[in-house]
Amino acid sequence: MRPAEIVVLSGGIGGVKLVQGFAETVDPGTLWVFVNTGDDFDHLGLRVCPDLDTTLYTLSGLADPERGWGRRDETWQFIEAVKGLGGPDWFRLGDRDLALNVLRSDALRSGRSLSEFIDAIRRRLAIDARVLPMSDDDVRTRVDTQEGRLSFQEYFVGRQCRPVVERIVFAGAASARPQPELLEKLASPQTRAVIIAPSNPYLSIDPILALPGVPAALRGCPAPVLAVSPIVGGDSVKGPTAKIMRELSIPVSAAAVAAHYGDWLDGFVLDRRDADRSEGIDVPVRVCDTLMHTLDVKRQLARELLAFADELGRP
Ligand code: FO1
């Protein structure tokens with residue numbers, strides 16, 4: 001049987017656009033999305049899993065299209081009441097969004113795994129694609145800045161990514177077990193392509209790559225492993241990727257991202273605005289429209305990636 005399953009590694013708001021493109025292009029039953037959990041944190045007694053929730057909300061049509069996180073048609077009574085009682089309101093938990101965070105916290109407290117809970121919710125939301133956390137063990141992104149060590153959400157939301165980044169660490173990664181299905185799919189002859197979404201490599205993809213066994217599984221993967229550049233025209237499409245690259249003294253270029261991913265990469269997708277910037281990229285390059293402002297572009301990029309994978313064949 002022809003290899004059919006598609007694996008996507010994704011995190012953040014940029015990655016989920018491509019996930020949506022795949023979900024609207026392939027048989028979603030063949031789509032496996034493994035999501036970064038390094039952004040997760042415990043807040044007001046709740047386990048918040050932003051990248052998982054953005055993926056679930058987006059694939060079920062519940063996402064707020066403007067914000068890129070949380071739910072559409074949201075109200076904010078809860079967080080305003082928290083503020084009124086002197087609690088923290090810097091991290092805006094909406095009233096409808098609160099439900100998923102409360103149910104998840106209750107499930108985890110009763111001993112259910114994050115994967116089992118997330119899978120139950122994606123079925124409840126009638127999502128055919130599989131959406132799973134990169135690991136059920138806690139991995140937490142910490143950002144060392146000139147103002148000290150910040151949790152991911154303190155850096156990203158609390159400080160709007162302003163502090164200068166000196167180092168990014170993934171607490172717990174060394175002892176975390178990758179999602180079993182992730183390692184299975186990376187080794188499976190039924191996998192047609194593995195896609196690194198155009199997420200922030202340093203904040204949203206690196207936590208997945210920090211899990212023991214994942215880089216080796218990517219190197220040994222029988223399917224082509226492709227990445228989409230999150231840098232277009234020498235800048236990040238959205239979010240702090242370019243700023244972090246400058247602060248870490250990394251050239252702000254697509255080639256630098258390809259080099260960052262390293263020797264398991266089989267192909268790299270550049271945006272058409274960077275068609276002339278492929279020098280220094282030592283894997284095959286495909287030039288596409290990667291600015292996913294419309295569903296059509298998201299679908300077209302997914303189709304281009306599948307064609308690219310099929311052309312590259314089995315590495
Ligand atoms: N991002 C913000 O910029 N401001 C917020 O107040 C905020 C609240 C929030 C609540 C729940 C949730 O799941 C995500 C939320 N996000 C918020 C987004 C989140 O910080 C980012 O999407 C990811 O962590 C970055 O990939």
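Start by selecting Q153 and the ligand: an N or O atom in the Q153 side chain is 2.7 Å from an oxygen atom of the ligand, a polar contact (a pair of N or O atoms within 3.5 Å). Taken alone, the ligand exposes 530 Å², and the protein buries 91% of that (Shrake-Rupley areas, 1.4 Å probe).

Before you go on: this is a predicted model, where local features need pLDDT of at least 70 and side-chain atom pairs count only at pLDDT 80 or more, while totals for chains, interfaces and linings use all residues. Residues are numbered from 1 along each chain as its sequence is written, and side-chain values use heavy atoms, with hydrogens and water left out.

Next, pick D39, which has a side-chain N or O atom 3.0 Å from an oxygen atom of the ligand. Then try D51, with a polar side-chain atom 3.0 Å from a ligand oxygen.

Helices here are DSSP runs (H or I, at least four residues), and strands are E runs of at least two.

Last stop: S199, in the loop between β9 (191-196) and α8 (201-209). Is S199 buried or exposed? Buried, at 1% relative accessible area (buried is under 20%, exposed over 50%, with a 1.4 Å probe and protein chains only).

Notes:
A polar contact is a pair of N or O atoms within 3.5 Å; within protein, one must be able to donate a hydrogen and the other to accept it, and residues adjacent in sequence count only if both atoms are side-chain atoms.
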